[in-house]
Protein chains: 2
Amino acid sequence: MKIYVVGIGPGSSEYMTPQARAAIEDSDVVVGYTLYVDLVSDLTSGKEVKSTAMKQEVDRCRMALDSALEGKNVAFVCSGDAGVYGMAGIMAEVAEEHPEVEIVTIPGITAACSGAAVLGAPLIHDFAVISLSDLLTPWEKIEKRLRMAAEADFVVCLYNPKSKKRHDYIDKAADIMHCAKAWDTPCGYVKNIGREGEKAIVCTMADLKDNDDIDMFTTVFIGNSATKVINGKLVTPRGYKNI
Amino acid sequence: MKIYVVGIGPGSSEYMTPQARAAIEDSDVVVGYTLYVDLVSDLTSGKEVKSTAMKQEVDRCRMALDSALEGKNVAFVCSGDAGVYGMAGIMAEVAEEHPEVEIVTIPGITAACSGAAVLGAPLIHDFAVISLSDLLTPWEKIEKRLRMAAEADFVVCLYNPKSKKRHDYIDKAADIMHCAKAWDTPCGYVKNIGREGEKAIVCTMADLKDNDDIDMFTTVFIGNSATKVINGKLVTPRGYKNI
């Protein structure tokens, strides 16, 4: 018995790899947050489907483990990449006492990559990926990462820039990164990547503040000191033109 | 006319998205470094193929642009993700004077994601991606990024850890990150991801030094302060178990 922790990409099936598809097809049981299970409904007919509401991550892992211990193959589906803020980590923790259960991570296109593609090419040079969610991480730690990423001139990609309770975190993040990034640094954000209502905006770091358009389904990109806008696209040069 | 800059993933076709496949199928011309063009040879029959040796990045972009200006659709193929140290940036720069040519980035599975999946789940929390190649970036800048990424307790993923000329850069990188990461920090590296000879090793940061196994086709992962080894896999917890 195997548990495949499967990254299905941003949503639309055109982003899902053949490897992810094959892992779901090879499984007897499909486990996941309801929305993600629905996204692969064309692959689940004839399979046992176990879905749960948002949060309840540990419960979903236990469901997957229980099925595997019954001798079944399980596909545990996540949006984006199963290994980037995904379920591959907690699944390994929950199954720690059962080394006989093989856990296979199937990578997918994470929002940093799918969002960057929609905006142009912001991640062509060294970058840092930071989640602004402080549900599981102390805010002081997030603040330090933002400050150091700015000082080291990384391109920065922000996941979870806002939620209902945390409407001003993206504003705070911009203020912190202003320690080393100018307000006119080229930036961009993408909403609903690979889903209905996809929308990409190229802007400046100043425009990220007091911005009602940014919500919890948005991925935000802050350029480095060389990032520029070329024909409406956000582009970080790597320096090939200088050779 | 369109130029699709296409990330084909690490190599094996099981990692290539349907979107990447469709972009190549929709093209009249396929441009790329010889090795990558060969990896998609099942899709290029009947198409004009223009390949060049390593380096020569700007030349390849000009080839793609010339074909697009003749009214053709072009697929410019890259390994991994076209937008992560890929050709999407320089393509936009080379085509800057031709806004009538539409450039479309097609994301792919980058080595950070495919390598992390092979090792387990090291990138479950905030991470920094850094290339150790100083062909296009001053070494001082790379050093600063390594130091700050370590101080901010990012998981770090290193591309281009070595080359023939730069055999000690991974050693230097480990020394720099030791400013804030212990020598026994759980680490891992993956060689030839998704290709023949794939090999994954879980080790400590000390093991990265004087390591003849690490070469230019290796991607290296250095854990954060919470990263641990669970049943032989490299796992960074996010904290769900503490809720």
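Predicted model: local features only at pLDDT ≥ 70, side-chain atom pairs only at ≥ 80, totals over all residues.

Now the geometry. Two packed helices are described by the angle between their axes and the distance between the axes. In chain A, H6 spans residues 139–151 and H7 spans residues 169–177. Their axes come within 8 Å and cross at roughly 45°. The crossing of H6(A) past H7(A) is right-handed.

Next, chain B. Helix H6 of chain B covers residues 139–151, and helix H7 of chain B covers residues 169–177. Here the packing angle is about 45°, with the axes 8 Å apart. H6(B) and H7(B) are therefore oblique to each other. H6(B) passes H7(B) in a right-handed crossing. On the H6(B) side the contact uses Trp139(B), Glu143(B), Leu146(B), Arg147(B) and Ala150(B). On the H7(B) side it uses Tyr169(B), Lys172(B), Ala173(B), Ile176(B) and Met177(B). Seven of these contact residues are nonpolar, none is polar and three are charged.

H6 also links the two chains. The axes of H6(A) and H6(B) come within 9 Å and cross at roughly 175°. Angles over 145 degrees count as roughly antiparallel, so H6(A) and H6(B) are roughly antiparallel to each other. Lys144(A), Met148(A) and Glu151(A) make the contact from H6(A), and Lys144(B), Met148(B) and Glu151(B) make it from H6(B). The classes here are two nonpolar, no polar and four charged residues.

Now the whole interface. The size of an interface is often given as the accessible area lost when the parts come together. Chain B and chain A bury about 6,200 Å² between them. Carbon and sulfur atoms carry 60% of that area. The contact involves 70 residues of chain B and 70 residues of chain A.

Salt bridges complete the picture. Eight of them are counted between chain B and chain A. Glu93(B) pairs with Lys228(A) in a salt bridge, with the closest N and O atoms 4.0 Å apart. Over all chains, the structure holds 23 salt bridges. One salt bridge within chain A joins Arg21(A) and Asp42(A), at 4.0 Å from N to O. Arg21(A) lies in helix H1 (residues 18–25) of chain A, and Asp42(A) lies in the loop between helix H2 (34–39) and strand S3 (48–52) of chain A, so this pair ties together parts that are 21 residues apart in sequence.

Definitions and conventions. Residues numbered from 1 in each chain as written. Chains lettered and ligands numbered in written order. Heavy atoms only, no water. Axes fitted to C-alpha atoms, helices over the stretch in contact; angles between N-to-C directions. Helix = DSSP H or I, 4+ residues; strand = E, 2+ residues; numbered from the N terminus. Parallel < 35°, antiparallel > 145°, perpendicular 65-115°, else oblique. Left-handed = near helix turned anticlockwise from the far one by under 90°. Contact = heavy atoms within 4.5 Å. Nonpolar A, V, L, I, M, F, W, Y, C, P; charged D, E, K, R; others polar. Buried area = accessible area lost by both parts, 1.4 Å probe. Salt bridge = Lys/Arg side-chain N within 4 Å of Asp/Glu carboxyl O.
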